[in-house]
Amino acid sequence: MAKELIFKLSGSNFAAAPVKLERKKIYGWTDTVATDKNGDVCQSAYLSPDDSLIIPSGGLKQATVDVAGRWLDKSSLKAFSEDGTEALPVFSSSFDAPIELKTKATKEEFLDNDWESVYQLVNPDLATAVGADIYKFEFSYRGGVNHNDAYLINTPGGLFLFAGDKQEFPLVALADETTIDDTEEPVDESIDELDFSMF
Amino acid sequence: MRKINLSNEQKRDAEVAFGTTFHRPSPVYKTTDGSKSVSQRSVKATLATADDALIEKFGAALADELVKADPEIDMETFGRKVEGIKKVYLTPKGKVAYGVSLNEHVYLPDGTEKEVRPETDTQANIALDGVPVRWTGKLIPRDKAMRMFMFKRSYQVQHVNGLTYDFLYAMAKKLADADAMMLLGGGAKGVEPLVMAGGGTPYRAFLEGRVDGDKYALILRLTNMELKPINV
């Protein structure tokens, strides 16, 4: 049975197992297949810069090492802020204890986030209790240093849990004119299928 | 900030700026003596030690061999740091293939193959001369839009001079007064999704506006996913 989150709202407990919302589950997906001149299917791989080594797909691993290049066990390391000055707090997993829903969020608070994940929650009683409100809480899926602001929101497609981080959109005045530097952002996403007939 | 060529309700267009200062910080991991750790890409397997090769070589005896002799580890290459690697394709014989054809196999959510088509690349369409991103006139109440779509990316749209301040402020005020988002469209007909960079994902795009006195915020919100129930 999938692990459940427990939400406390208006004196009642509601359990729901989060299911990650992914495009492939809604629209399907695309695989790119390479074939050679004979029509045989080719496997992707990597070639080292000196062309001496062929590394098969799945043959690379991100390793954590010390400055001398010696392997480190990540569990023996401590997490600090990006500038390396502050030790980061460690959070419990949100599955470990009930989540109390006591803070309501505005539309702007909800919208102004960079989302990491969205989960579907199926519990009609919880959906009814949430109603048209948006509830905000702290969320950590696995526990550890990674945690997000999370929101529960009802939609015509059901109840969803959004997890992300606050993104600022300051109001600007005439004097705040900016410049265009035309730097194209790097493309780090694969192109996949989306049914744009949704409009 | 980057350039976007945007048109308004009157089909007047202007080049304005968009961007974000958002940055999700990455933790730094340190050892007990306070020195920083480094994350590096390393070799785990070669063609000779990959799963398929080991199964072919040892067959049913593979489990015993793994315990006895560690054939999955090539002592010369395991753990070697690799940088600047190139993606290649291999023939069924394990040789680098040249002149490969790339096809996209499209699958439905249930795993059924829908079609096979040649691989295509997307072109950016947000800053084309004479083809502005169009204000379609299709307003969606903000409350409805935020409960309909997962906005994957959001950018602030900002003026680059006094004229474009008036241009964008008017857009933001109209949207704020209507408490609604405006659907934008790309391409010559203004109906295509937006592609922010060459090779990037196509997104449906909306503009959201906020004003306070003579200040405004115009936010470009991008989505490629509806909030639809999925079967579990």
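**Notebook: helix α4 of chain B, then chain A**

I started with helix α4 of chain B, residues 162-178. At 1.5 Å a residue, its 17 residues should span 24 Å. I looked up the end C-alpha atoms and they are 25 Å apart, which agrees. I note that this is a predicted model.

Next I asked which residues of α4(B) are buried. I found Tyr165(B), Leu168(B), Tyr169(B), Met171(B), Ala172(B) and Leu175(B). They cover an arc of only 165° around the axis, so they sit on the same side of α4(B).

Then I turned to the other side of α4(B). Gly162(B), Leu163(B) and Asp177(B) are exposed there.

What do the buried residues of α4(B) pack against? I listed five strands of chain B by name: β2 (13-19), β9 (149-158), β10 (180-185), β12 (202-212) and β13 (215-226).

I also checked the residue just after α4(B). Asp179(B) takes a positive phi there, of about 45°.

I moved on to chain A. I recorded 3 helices and 14 strands in chain A.

How does the radius of gyration of chain A stand against that of a compact globule of 199 residues? Such a globule would have a value near 16 Å, but I noted 23 Å for chain A. Along its principal axes, the C-alpha trace of chain A spans about 65 × 55 × 50 Å.

I looked up burial in chain A too. Of its 199 residues, 23% are buried.

Last, I took the contacts in chain A between residues at least 6 apart in sequence. Of these, 63% join residues at least 24 apart.

Definitions and conventions. Residues are numbered from 1 along each chain as its sequence is written. Chains are lettered from A and ligands numbered from 1 in the order in which they are written. This is a predicted model: local features need pLDDT of at least 70, side-chain atom pairs count only at pLDDT 80 or more; totals for chains, interfaces and linings use all residues. Helices (H or I, at least four residues) and strands (E, at least two) are DSSP runs, numbered from the N terminus. The expected span of a helix is 1.5 Å times one less than its number of residues. A residue is buried if 20 or more other C-beta atoms lie within 10 Å of its own, exposed if 12 or fewer, and partly exposed in between; C-beta atoms are placed from the backbone. The arc is that of the directions from the helix axis to the C-beta atoms. Two residues are in contact if their C-beta atoms, placed from the backbone, lie within 7 Å. The radius of gyration is taken over C-alpha atoms; the globule rule is 2.2 Å times the number of residues to the power 0.38.
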